[in-house]
Amino acid sequence: MLLEKMLQSQGFGSRKYCQQLIKNGAVSIQGEIIDNPKHKLDLDQLEFNVYDDTYQYREKVYIALNKPQGYECSHQATHHFSVFELFDDLLMNRGIQCVGRLDQDTTGLLLLTDDGQFLQALTHPKKHVAKVYQMDTADPVTDEQIKQLEQGVELRNEKGMYAATDVIRLEEKRLQMAVHQGVYHQVKRMLAAVGNKVEKLHRAQIGQLTLNDLPEGEWIYLTEDQVIQAKYRAE
């Protein structure tokens, strides 16, 4: 790949702007300044510098964010902050998108990517990638409510039954469960259907991928293994 095209693919701006960066001597590889925009590159494990910052070439980006409360999964947030405000211009120029959505008042694991196939793999209803949620409830969680959630409940304006798996009562008013369909406000509506209410909601896991110790409001690039973990479908 040509150097100018590589820079553009990594979100540095238009082809013309990238050409100018190169001609200005701003780009170096292994300590050598490359001032030819048409310089051909081997992209395998490529690292490069633009001014004093070091970057790694990524064909696609896969990001895990520990989403804080009060952020919307929208570029045009109306009443709150946008999660995209948490990312730099390079990633925004790459056109990253949320893989599914979390409500503004829901915290936890949110994935973002510029890989359309990866996004489709995790969001298509037929894929059934499990998402694990932890929640505080308004009332104590009863054995009967757990049984109902596992057997399935009907949701207004939705077809079929919606069941949770791995339903665990963590505390008297704290519950963990996995859902597989991802319809609008599914967890909150399921709790309402069994006569309880979600007071606080946190997504802890997607597939086999967890947040580990990632601080709230921070994000990381996923490794190849983590990308596979996120797509894991329990049979």
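Is D105 buried, exposed or partly exposed? Keep that in mind as you go through these close-ups of a predicted model; the second view has the answer.

View 1. Where domain 2 touches domain 3, the contact takes 13 residues from domain 2 and eight residues from domain 3. Interface size is often given as the accessible area lost when the parts come together. For domain 2 and domain 3 that area is about 760 Å², with carbon and sulfur atoms giving 36% of it. You'll also find seven residue pairs in polar contact between these two domains (both residues at pLDDT 80 or more). On the domain 2 side, strand β9 (residues 106-113) supplies the largest share of the touching surface, with five residues.

**View 2. K188 pairs with D103 and with D105.** Side chains of opposite charge can pair when their charged atoms come close. Two salt bridges are counted between domain 2 and domain 3. In the D103 and K188 pair, the closest N and O atoms are 3.1 Å apart. D105 and K188 also meet in a salt bridge, at 3.1 Å from N to O. D105 sits in the loop between β8 and β9, while K188 belongs to helix α6 (residues 186-193), so this pair links parts of the chain 83 residues apart. And the opening question? D105 is partly exposed, with a relative accessible area of 29%. K188 is partly exposed as well, at 22%.

**View 3. E4, R15 and K38 are linked in a network of salt bridges.** Zoom in on E4 and R15, whose side chains meet at 3.1 Å, N to O. E4 lies in helix α1 (residues 3-9) and R15 in helix α2 (residues 15-23), so the pair ties together parts eleven residues apart in sequence. The structure holds eight salt bridges.

**View 4. R94 and D114 form a salt bridge.** Their closest N and O atoms are 2.9 Å apart. R94 is in the loop between α3 (89-93) and β8 (97-98), and D114 is in the loop between β9 and α4 (116-123), 20 residues apart. R94 counts as buried, with a relative accessible area of 14%, and D114 is buried too, at 17%.

**View 5. An open sheet of four strands runs in the order β2-β1-β3-β4, with antiparallel pairing.** At the edges stand β2 (32-33) and β4 (53-56), each with a single partner strand, so one side of each has no neighbour in the sheet. Further in, two bridges join β1 (residues 27-29) to β3 (residues 47-50). Look for V27 opposite V50 in β3.

**View 6. Strand β10 has antiparallel partners in β14 and β15.** Six of the seven residues of β10 (residues 131-137) are buried, so this strand is largely enclosed by the rest of the structure. Six bridges connect β10 to β14 (residues 174-179), where Y133 stands opposite M177. Seven bridges pair β10 with β15 (residues 198-206), and there T137 faces V198.

Methods: Residues are numbered from 1 along each chain as its sequence is written. This is a predicted model: local features need pLDDT of at least 70, side-chain atom pairs count only at pLDDT 80 or more; totals for chains, interfaces and linings use all residues. Side-chain values use heavy atoms; hydrogens and water are left out. Two strands pair if DSSP finds at least two bridges between them. Contact means heavy atoms within 4.5 Å. Buried area is the accessible area (1.4 Å probe) that two parts lose on being put together, summed over both. A salt bridge is a side-chain nitrogen of Lys or Arg within 4 Å of a carboxyl oxygen of Asp or Glu. A polar contact is a pair of N or O atoms within 3.5 Å; within protein, one must be able to donate a hydrogen and the other to accept it, and residues adjacent in sequence count only if both atoms are side-chain atoms. Buried means under 20% relative accessible area, exposed over 50%, partly exposed in between (1.4 Å probe, protein chains only).
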